[in-house]
Amino acid sequence: MNTDCLFCKILAGQIPANRVYEDELCIAFPDINPQAPTHLLIIPKEHLTSMAKALADHEPLLGHLMGTAADLARSNKLDKGYRVVVNTAEDGGQTVHHLHLHLLGGRQMKWPPG
Ligand code: 5GP
Ligand code: ZN
């Protein structure tokens, strides 16, 4: 755990979040400021600052997070499609420095993103 990290505090139960999914490697909970009718955050239990810090050893974890996003999209009935976003570091617009996937769905997405 990184004591300065918001998502580590959520993992530790120090900040409340509605865990809609949990397994041995990750949890998922709704974003506090949703940008779509469905907006979940999927975060690893391991503190990893960003995608930019991911190494070959993290490949199974990254695959698991993507697979979990697909499962959650199915269980949330996002049958028309959805978007998975990983904002990474400064230019990527990352604001919480604990790797996370955004699962967004329930509306038509636009391209390019801002
Ligand atoms: P980023 O901008 O780093 O890709 O995404 C961070 C996300 O975390 C933002 O969409 C923001 O709304 C969300 N967030 C920030 N603080 C909290 C919180 O305390 N609880 C929850 N559930 N989401 C949060
Ligand atoms: Zn963390």
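This is a predicted model: local features need pLDDT of at least 70, side-chain atom pairs count only at pLDDT 80 or more; totals for chains, interfaces and linings use all residues.
By class, how many nonpolar, polar and charged residues does the lining of the largest pocket have? I'll come to that in a moment.

Start with the largest pocket. Its volume is about 420 Å³. There are 16 residues in the lining, and the closest to the centre of the pocket are Arg83, Val85, Asn87, Leu104 and Pro113. Two elements give two or more residues to this lining: strand E4, residues 82-85, and strand E5, residues 101-105. E4 has the largest share, at 3 residues.

Back to the opening question. The lining of the largest pocket has 7 nonpolar residues, 6 polar ones and 3 charged ones.

Now the second largest pocket. The space in this one is about 350 Å³. Here 19 residues form the lining, and those closest to the centre are Leu6, Phe7, Asp31, Ile32 and Leu41.

Which elements each supply at least two residues of this second lining? They are helix H1, residues 6-11, and strand E2, residues 26-30. Of the elements, H1 gives the most, with 3 residues.

As for class, the lining of the second largest pocket divides into 11 nonpolar, 7 polar and 1 charged.

Technical notes:
Residues are numbered from 1 along each chain as its sequence is written. Chains are lettered from A and ligands numbered from 1 in the order in which they are written. Side-chain values use heavy atoms; hydrogens and water are left out. On a 1 Å grid over the protein atoms alone, a cavity is a set of points where a 1.4 Å probe fits but cannot get out, and a pocket is an open set with protein on both sides within 12 Å along at least five of seven lines; lining residues have an atom within 4 Å of a point. Grid points are joined across faces, edges and corners, and a volume is the space filled by probe spheres set on the points. Helices (H or I, at least four residues) and strands (E, at least two) are DSSP runs, numbered from the N terminus. Ala, Val, Leu, Ile, Met, Phe, Trp, Tyr, Cys and Pro count as nonpolar, Asp, Glu, Lys and Arg as charged, and the others, Gly among them, as polar.
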